[in-house]
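Reader: Hi! Could you walk me through how the strands and helices are arranged in this one?

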Amino acid sequence: MLEYENQMFLDILNEDGLIIAAKGLNLHVVILNLIKVHCDPGNLVIILGSTTQEEAYFMSELQDQGVTPLPKVITAENSTNARESIYLEGGVLMVSARILVVDLLKQRVPVSNITGFLVLRAHSILESCQEAFALRLYRQGNKTGFVKAFSSSPDSFTVGFAQVERIMKTLFVKNLYLWPRFHATVSSSLEKKKTHVTELHLHLTTAMNTIQTSILDLVHFCISEVKRINPTLETDVITVENALSKTFHKLLQKQLDPIWHQLSSKTKQLVADLKTLRSLLVCLTQSDSVQLQTRLNSLRSTEYARRSSGWLMLDSAETLFLTAKKRLYNEKQELEPEVSPKWEAFSEVIAEIHREEKHSAETVLVLVEKQETCVQLKQYLMKGANKMLNDLCSKLIPPCKENNEDQQTEIIENVEDNTDSEVFTLTQVPDDDGNNTKFAECSQLDCATEPVVILEPFKKNGDNLNLPRLLKILKPKYIIMYDVDVTAIRQIEVFQSAYSEVQIEVYFLIYGGSVEEQAYLTTLRREKESFDFLIKQKSTMVIEADQDGKSELCRELSRDIGKPATSDIAVNTRKGGIQANETNPKVIVDMREFRSELPTLLHRRGIDIEPITLQIGDYILTPEMCVERKSISDLIGSLQSGRLYQQALAMTRHYAKPILLIEFDQNKPFGLQGHYYLSKDISSNDITAKLQLLTLHFPKLRLVWSPSPYATAQLFHELKEGKEEPNASAAAAVGVEGSELEDEQHIEKYNIAIHDFVSKLPGVNTKNLKVLL
C-alpha cells in the first residue's frame with residue numbers, strides 16, 4: 001500500500017466515518033484491506049452497494065493472497081434457511097439491500113452479533129433508500145458495531161441543501177475524511193516515482209476547426225433560446241462550457257424534471273438538440289470523417305427539420321454540412337476522405353516504439369474511451385487509413401438511401417458483436433517487401449517477437465476496476481492515451497508508484513485548443529471546486545454528539561413521526577392511572593414491494609412492517625382493506641395488458657374495501673397532462689377513459705391519488721387509525737387455491753363464474769346482484 005492508502009486505511013479502521021476520495025485514487029485497495037482484516041468467522045461484516053464486478057475483484061484478489069475464509073455473496077437464489085445459516089456462520093457477506101432488509105425484518109439476521117457495515121457508493125444513499133433502511137434497522141438493534149462508508153464522487157455531495165450532513169446522518173457517522181488529488185500526502189506519495197509523460201498537442205485540421213466553431217455557435221444559439229423563452233428559469237448551469245461535459249444532461253434533467261410539464265415543446269426540443277450537438281462534437285474528435293458525415297446525413301431529413309428547434313436553418317449549420325462534405329471529396333469531387341490527425345500521430349508513436357524496442361515483445365497499451373474506437377483503430381492498423389475510409393464510404397454512403405440505413409445498421413451490429421469479444425491484441429508482421437509495416441492479430445503474447453499493441457477501453461462493460469487489473473497483469477512499458485480520462489490518468493500514476501520496478505512511458509494525445517481539451521480542464525476544475533466546497537463545509541459543519549446512533553437520544557432513530565403532537569395532552573383521566581398498552585400499528589407488505597421506498601417510510605412513521613408473499617394486493621392495512629400500488633409507468637402497462645382488471649377483480653372479490661393507489665414520483669409533476677410520462681402510441685385521454693371503465697365495472701374499488709411516497713405513508717397512517725390489525729397468515733392464504741379461508745369465507749351459495757357473468761349484464765349492479773342470484 002502507498003503512504004496515502006495506508007493513512008486512509010488507518011483513519012477509517014480506528015474511527016467510523018465517510019471517506020470521499022478523488023476519482024482514480026484506488027479506494028478499492030483500502031476496502032480490500034478492510035475486508036481482509038475482518039475475514040474471520042468470529043466477525044459478521046456486511047458490505048452494501050457493491051457491484052458484480054467489484055465482488056468478483058475482491059474475491060479473486062483475496063484468493064490470490066490466500067485469505068480464508070473468503071467473503072460470501074448472498075443472492076435471491078439462496079433459500080431462506082440457507083441465508084439464515086450463512087448469517088450464523090459469520091465472516092464477510094456481500095448482500096443486496098433489498099434481501100437484507102427483508103431478512104432484518106424477519107429477524108433472520110442476528111443483529112446484535114453484527115460487527116459492522118461497509119457501505120460503498122455512499123453518495124447514492126438517501127433517506128428513503130433500502131441501504132438507509134437496513135442501516136436504521138441495524139442501529140436500532142446494535143449500538144456497538146461500526147459503519148464505514150466510501151465514495152469517489154465528490155460532485156454528488158455539492159448538489160442540494162446540506163447534502164453532506166444529510167448523508168452522514170443517514171449513515172450514522174460523525175467523521176468526514178476528504179482525500180483530493182492535491183492532498184499533501186497524496187501528492188508526496190505519487191511524486192516519488194513518476195511516469196515519463198510525452199504530451200502531443202495535436203492541431204485540428206482547417207476543416208475540423210471550422211466544424212467545431214460551427215457546432216459551438218449552434219450550441220450557443222440553443223442555450224440563448226432556452227434562456228430567452230424561459231426568463232424565470234434558473235440557468236446558471238446552462239452554459240456553453242458545461243454543455244461540453246459528459247454530466248451536463250444529468251444536471252439539466254435534474255433541474256428541469258419537476259417543471260417539465262410546464263415547459264413549451266420548443267424548450268424540450270432545444271434540450272434534445274443540445275444533446276445531439278454534443279454527440280456531433282464527440283464524433284468530430286473521436287471518430288473519422290466518414291462516420292461524422294453519416295451522422296449529419298441522418299439529420300438532413302425533412303422530418304428532423306420540422307421537429308428541430310430551428311438550428312438547421314442557421315448559417316452555421318450550412319457551414320457545418322458543407323465543410324463536413326469537403327472532408328470527403330477533393331477539389332475534383334473525387335472521393336478522398338480526410339485522415340484524422342490523431343491517427344497519424346498514433347502511427348508515429350507506434351513507429352517510434354518499434355524502433356526503440358525492435359525484436360522485443362514489449363507491451364503497448366492503447367487506452368480509448370469507447371469500444372467502438374478499439375474497432376476503428378484495429379481496422380486502421382490492419383488496413384491502413386485510405387483503404388479503411390474507402391471501405392467505410394462504400395458501406396455507409398452509397399447512393400441508395402434505404403441501402404444506407406441497412407448498411408449502417410449492419411455496421412452498428414458488427415461493432416456490437418465486437419464489443420463483447422476478447423481484448424484487441426495486434427503485432428507487426430513483415431509485408432511483401434520484408435518491412436514490418438503491417439499489423440495482424442496476435443492471440444498469444446508469449447509467441448510475439450515484436451512490440452504487442454493492446455487496444456482497451458477505460459471502463460470495459462462499465463467496470464471501473466478494469467484498468468487497475470489490466471495494468472497489474474500486463475505491466476506495460478508503454479501506454480498511449482488516445483482519449484482523455486481523469487480517472488485513468490490517476491490510476492496509471494498510482495500503478496507507477498506502487499510498482500516502481502516498471503518505468504512507464506506515457507504518450508498523451510490531445511487536440512490543443514479543442515473541445516476535448518476544454519472538457520478535460522472543466523472536469524478538473526469542477527472536481528477541485530467540489531473539494532474546496534467540501535473542505536469549507538467541513539470546517540463549519542455541526543455534528544450532533546449522538547449522531548452515530550449508539551445512544552438512545554439519536555433523533556434519526558426515532559419512529560414517532562406519524563404520532564400527533566397532542567398525544568400526551570389528550571389522555572383519558574378516567575382510567576384510574578392505568579397505562580394502556582401502546583402497540584405500533586402493523587402493515588403487511590408483499591415481498592416484491594421492497595423495490596420501492598414506501599416500506600422504508602412506513603417503518604419510519606412508527607408502523608411495523610411484516611414482509612410476506614401476497615397473492616392479492618401489495619399492502620394489507622386491515623383485515624378488510626387491501627391496497628394495490630401502481631406507479632405511473634406500471635399503471636399504463638397494467639391497463640394495456642389487462643392485468644389491472646384481473647387484480648381489481650381479485651381484490652373486490654376477497655376484500656370489503658379494495659383500494660387502487662396511483663403514486664407519482666415526488667420529483668415529477670403531479671398530473672397526467674401531456675405526453676411526459678406516456679409513450680408515443682398512447683395519450684393521457686386513453687388512460688383516463690380506461691380508469692373510468694374500471695371504476696364503472698368495480699363500484700367497490702376506491703382510487704387514491706398520491707403525489708409522492710411520503711404522502712402515501714401519511715395516508716396509510718391515517719387510514720389505519722382505530723382499525724383492527726391484519727393477520728399475516730390469513731392475508732397470505734387469500735387467493736390460494738384450496739385454502740380453508742377461500743372455502744369458508746369467499747365461496748358463497750352461488751358459483752363464482754356465474755356471479756361474474758351476471759355482474760357484467762346490462763342493468764346489473766351491486767344492489768340488485770344478490771337478488772338476481
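Author: Happy to! One term before we start: two strands count as paired if DSSP finds at least two bridges between them. Also, keep in mind that this is a predicted model.

Reader: Thanks. With that in hand, what stands opposite Thr622 in strand 18?

Author: Met625 does. Strand 17 and strand 18 (residues 625-631) pair in the antiparallel sense, over 3 bridges.

Reader: How many residues does the hairpin from strand 17 to strand 18 go through?

Author: The hairpin joins the two strands through 2 residues.

Reader: And which strand do 2 bridges join to strand 17?

Author: That would be strand 15 (residues 586-590), which runs antiparallel to strand 17 (residues 619-622). Within that pairing, Val589 has Tyr619 as its bridge partner.

Reader: Nice. Switching topic: what's the strand order in the open sheet of 7 strands?

Author: The order is 3-4-2-5-6-1-7, and the pairing is parallel. Strand 3 (72-74) and strand 7 (176-179) are at the edges; each has a single partner strand, so one side of each lacks a neighbour in the sheet.

Reader: What does the twist average there?

Author: From one strand to the next, the twist averages 20°.

Reader: Okay, new topic: at what angle do helix 11 and helix 12 pack?

Author: Helix 11 (residues 248-256) and helix 12 (residues 265-286) pack at about 170°, and their axes are 11 Å apart. Angles over 145 degrees count as roughly antiparallel, so helix 11 is roughly antiparallel to helix 12.

Reader: Which residues of the two helices meet?

Author: From helix 11, Phe248, His249, Leu252 and Leu256 meet Val271, Leu274 and Lys275 of helix 12. By class, that contact has 5 nonpolar, 1 polar and 1 charged residues.

Key. Residues numbered from 1 in each chain as written. Predicted model: local features only at pLDDT ≥ 70, side-chain atom pairs only at ≥ 80, totals over all residues. Heavy atoms only, no water. Helix = DSSP H or I, 4+ residues; strand = E, 2+ residues; numbered from the N terminus. Axes fitted to C-alpha atoms, helices over the stretch in contact; angles between N-to-C directions. Parallel < 35°, antiparallel > 145°, perpendicular 65-115°, else oblique. Contact = heavy atoms within 4.5 Å. Nonpolar A, V, L, I, M, F, W, Y, C, P; charged D, E, K, R; others polar.
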